[in-house]
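Subject: The structure we talked about

Hi,

Here is the structure I promised to pass on. My notes on what I found in it follow below.

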Amino acid sequence: LFLKSFAFTILFLSCIAIRLNLCLSSIPSSLKSIPLEGHLKFDQVSLSHAARDFGNRYQYNPMAVLQPESVSDIVATIRHIWLMGPGSHLTIAARGHGHSLQGQAQAHGGLVINMESLKVPEMQIHVDEGNKSPPYVDVSGGELWINILHETLRYGLAPRSWTDYLHLTVGGTLSNAGVSGQTFRHGPQISNVQQLEIVTGTGEVLNCSAENNGDLFHGVLGGLGQFGIITRARIVLEPAPTMVKWIRVLYSDFTAFTRDQERLISAEKTFDYIEGFVIINRTGLLNNWRLSFNPRDPVQASHFKSDGRTLFCLEMAKYLNVEEIDAANQEVEEHLSRLSYIPSTLFSTEVTFVDFLDRVHISEVKLRSKGLWDVPHPWLNLLIPKSQILNFAQVVFGNILSETSNGPVLIYPVNKSKWDNRTSVVIPEEDIFYLVAFLTSAVPSSNGTDGLEHILSQNKRILEFCERAQLGVKQYLPHYNTQQEWRAHFGPQWETFLLRKSVYDPLAILAPGQRIFQKAI
Ligand code: FAD
């Protein structure tokens with residue numbers, strides 16, 4: 001009897017295994033039946049590539065990678081998976097340039113859509129001859145910002161709002177916000193979009209704007225890829241300058257530094273770009289700087305001792321055209337005369353507009369050549385209310401962080417009035433808040449202060465302090481492990497976020513790598 005029941009159990013288990021296997025093995029062939037202009041890739045190289053991102057910490061292979069040639073390819077794929085119903089475990093992640101930090105563009109065992117292969121619509125610039133409305137460009141959701149810059153410059157135009165690094169896609173940055181030194185004036189990139197074309201989680205294609213399908217439009221902006229795939233975006237443009245006057249000055253007094261930053265972002269007439277960064281215990285600072293800047297007074301600069309101190313660098317840029325150079329210089333002088341930086345630390349240089357905007361790429365090339373680009377990046381980005389920034393700085397820059405040689409720590413304020421509260425992005429409640437970005441690189445297999453474990457525990461201490469001191473901080477490019485944490489992140493916006501998910505992606509097919517919702521099986 002025992003042998004009989006044992007044999008029966010084995011038979012039963014084998015049947016289940018065969019069924020499961022059949023189910024799983026039939027998925028690729030079912031995917032192959034999707035009518036496509038582009039194609040699906042199943043080879044190991046493509047799968048491993050789709051499982052990597054800039055963060056270099058999470059790696060989950062998908063089952064297949066779609067190289068779409070048309071919006072219909074994306075629609076057909078989503079519909080196919082939608083029609084498989086909740087019984088299928090398949091999910092879909094749009095992958096822009098894969099510059100996420102914690103696997104946000106990955107789909108474990110699912111499908112990754114390589115958005116960069118979507119080349120439609122071709123970039124088209126529109127200028128209103130009567131100058132009644134601003135010019136704009138229509139671009140594919142998979143387009144890189146660097147390509148948009150080069151194309152729009154052919155017409156003497158450029159987008160108004162940027163990120164510090166341009167080798168990112170439109171869909172990727174609009175799913176977060178897209179911030180940089182122009183945000184104080186123009187708002188994030190999500191405040192500079194007029195229309196979107198979206199393929200929802202049910203495979204429906206919708207054109208949307210603030211007026212038309214406004215709920216989807218606002219939901220997708222800053223929506224972490226949860227409500228649909230951005231296949232087209234209409235980006236507002238402005239006349240582009242040819243040159244940029246790029247200035248850095250130093251402070252040792254944090255209050256003076258932030259007072260000047262806040263004054264600059266609130267003034268009517270001011271710089272076109274305002275950022276800043278923190279320097280803790282970094283040696284040879286001024287010598288390094290001389291490589292990229294022509295200090296105005298090198299003799300004084302070389303006497304300035306930076307070693308071992310905490311300094312705050314205010315970075316500003318003024319756009320200019322060659323024919324207006326004198327007037328621009330005069331304006332810059334006037335702005336600078338109102339600031340209280342350490343006088344011997346004024347560094348100023350002039351570069352082309354393209355070199356200025358694409359400045360991080362120059363660092364990328366250098367780091368790649370030294371094998372330092374494809375390392376783990378345990379970045380932490382925080383949005384901090386103005387009223388708490390001093391408290392934050394005292395504890396974090398004074399106690400938790402002992403140096404900033406593993407990567408830059410950016411700090412700059414932005415105006416909340418330039419953000420649209422109908423979008424999905426979560427920001428602090430005050431009129432001015434700071435972006436503080438710890439852009440750290442870890443040395444692989446190091447156990448020291450430059451190793452991943454140390455940096456992660458430092459990030460944890462920073463987050464725990466923010467929580468304990470109730471600073472009202474929000475994560476930018478947020479990452480959490482539990483839905484409870486996501487609820488806390490969204491706060492009062494959670495219900496809207498949840499409702500939008502149930503309307504536009506009810507099976508939770510899209511962007512599983514954000515780990516907010518799990519597909520019901
Ligand atoms: P991916 O990493 O490919 O995707 C990000 C998320 O968006 C994923 O969830 C993905 O599924 C989703 N997604 C991608 N495409 C689409 C689409 N078409 N439709 C819907 N969802 C989509 N951010 C700033 O704001 N300011 C900066 O200055 C800045 N500098 C950076 C510098 C570097 C070197 C790096 C690596 C990142 C920087 N970032 C910055 C962060 C960056 O904006 C985000 O990581 C962004 O998501 C990366 O874009 P991506 O095209 O690589 O997106």
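Leu-477 sits in the loop between strand 19 (474-476) and helix 16; helices (H or I, at least four residues) and strands (E, at least two) are DSSP runs, numbered from the N terminus. Its phi is near 55°, a positive value in a residue other than glycine. Leu-477 counts as buried because it has 20 C-beta neighbours inside 10 Å. For that label, a residue is buried if 20 or more other C-beta atoms lie within 10 Å of its own, exposed if 12 or fewer, and partly exposed in between, with C-beta atoms placed from the backbone.

Please keep in mind that this is a predicted model, in which local features need pLDDT of at least 70 and side-chain atom pairs count only at pLDDT 80 or more, while totals for chains, interfaces and linings use all residues. Residues are numbered from 1 along each chain as its sequence is written.

Asn-213 also has a phi near 55°, positive in a residue other than glycine. Asn-213 lies in the loop between strand 9 (205-209) and helix 7, and with 17 C-beta neighbours inside 10 Å it counts as partly exposed. Another backbone detail is the cis peptide bond that joins Val-120 and Pro-121, with omega about -5°. Pro-121 is in the loop between strand 4 (111-114) and strand 5 (124-126). As background, most residues other than glycine have a negative phi, and most peptide bonds are trans.

How far can you trust the model? The average pLDDT (the predictor's confidence in each residue, from 0 to 100) is 91, and 90% of the residues score at least 70. Where pLDDT is low, the predicted coordinates should not be read in detail. The model scores are ipTM 1.00 and pTM 0.93.

Now the domains. The assignment (automatic or from a database) gives domain 1 (34-240 + 480-521) and domain 2 (243-476). Their centres, taken over C-alpha atoms, are 28 Å apart. Where they touch, 33 residues come from domain 1 and 34 residues from domain 2. On the domain 1 side, helix 4 (145-153), helix 6 (183-186), helix 7 (214-220) and helix 16 (483-490) each give two or more residues, and helix 6 has the largest share, three residues.

What surrounds the ligand? Of the 37 residues around it, Gly-96, His-99, Asp-164, Gly-171 and Gly-172 come nearest; to be near, a residue needs its C-beta atom, placed from the backbone, within 6 Å. Strand 3 (92-95), helix 5 (170-174) and strand 10 (228-239) each supply at least two residues of this shell.

Finally, have a look at Asp-272, in the loop between helix 8 (254-266) and strand 12 (273-280). Asp-272 is partly exposed, with 18 C-beta neighbours inside 10 Å. Leaving out residues up to four places away in sequence, Asp-272 touches Gln-182, Ala-317, Lys-318 and Tyr-319. Arg-185 is 87 residues from Asp-272 in sequence, yet 7.7 Å away in space, C-alpha to C-alpha.

Best wishes

Key
Contact = placed C-beta atoms within 7 Å.
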